[in-house]
Amino acid sequence: MRIGELAKRAGLTTRTLRYWEEFGLVKPTDHRFSGERLYSKAQLERVIHIRELQELLGLTLAEIRIVLESEDAVERVRTARQAGASPARRAALLEKAIEAHSRLIERMDDRLVRIATFRDEWVQKGKRMRERSEELRSEAGAPEQK
């Protein structure tokens with residue numbers, strides 16, 4: 001399918017797809033002689049996956065690239081095994097997959113720590129607001145609320 005069709009099916013603009021291509025997230029399966037980009041069903045699925053990672057998990061494009069690199073590394077190991085690659089080749093690919101996986105876990109751990117810190121800050125702000133509200137009601141002689 002052409003870029004316009006891919007964009008329409010994925011609910012994106014062609015500009016977004018071109019940006020993602022420049023960023024290394026998506027690449028055309030082929031190009032026509034005229035230079036027109038052509039995409040496969042697998043690329044459509046990848047674009048939908050990227051959108052899910054953005055919308056569902058709130059990942060940045062840099063974080064999505066790490067997820068995709070990890071998934072791609074695992075797929076290369078699987079493809080090499082199916083193609084009958086030597087154990088040495090499969091082991092080398094597996095090491096790269098492990099490295100990509102480790103980078104992904106590190107990013108997730110970092111994000112979780114930042115989310116927990118942010119949440120804790122807001123919990124503390126809420127406590128301070130409730131305490132101040134009680135103080136003000138007490139000063140005004142109003143009954144306390146919870």
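Student: What makes the crossing of H4 and H5 left-handed?
Tutor: In this predicted model, the crossing of H4 and H5 is left-handed. A crossing gets that label if the near helix is turned anticlockwise from the far one by less than a right angle.

Student: Why is H4 called roughly antiparallel to H5?
Tutor: The axes of H4 and helix H5 (residues 87-140) cross at roughly 155 degrees. Angles over 145 count as roughly antiparallel. Therefore H4 is roughly antiparallel to H5. Their axes come within 9 Å.

Student: Which residues make that contact of H4 with H5?
Tutor: On H4, they include Ala62, Ile66, Ala73 and Val77. On H5, Leu93, Ala97, Leu104 and Arg111 are among them. The contact residues divide into 12 nonpolar, two polar and 10 charged.

Student: How do you know where the axes of H2 and H4 lie relative to each other?
Tutor: Two packed helices are described by the angle between their axes and the distance between the axes. For helix H2 (residues 14-23) and helix H4 (residues 61-82), the axes come within 11 Å and cross at roughly 65 degrees. This crossing is right-handed. Tyr19, Trp20 and Phe23 of H2 meet Leu61, Ala62 and Arg65 of H4. Five of these residues are nonpolar, none is polar and one is charged.

Student: Why does Gln43 count as buried?
Tutor: Its relative accessibility is 13%. Buried means under 20%. So Gln43 counts as buried. Gln43 lies in helix H3 (residues 41-57).

Student: What does Gln43 touch, not counting residues up to four places away in sequence?
Tutor: Gln43 touches Leu6, Val26, Lys27 and Thr29.

Terms used
Residues numbered from 1 in each chain as written. Predicted model: local features only at pLDDT ≥ 70, side-chain atom pairs only at ≥ 80, totals over all residues. Heavy atoms only, no water. Axes fitted to C-alpha atoms, helices over the stretch in contact; angles between N-to-C directions. Helix = DSSP H or I, 4+ residues; strand = E, 2+ residues; numbered from the N terminus. Contact = heavy atoms within 4.5 Å. Nonpolar A, V, L, I, M, F, W, Y, C, P; charged D, E, K, R; others polar. Buried < 20%, exposed > 50% of the residue type's maximum accessible area, 1.4 Å probe, protein only. Parallel < 35°, antiparallel > 145°, perpendicular 65-115°, else oblique.
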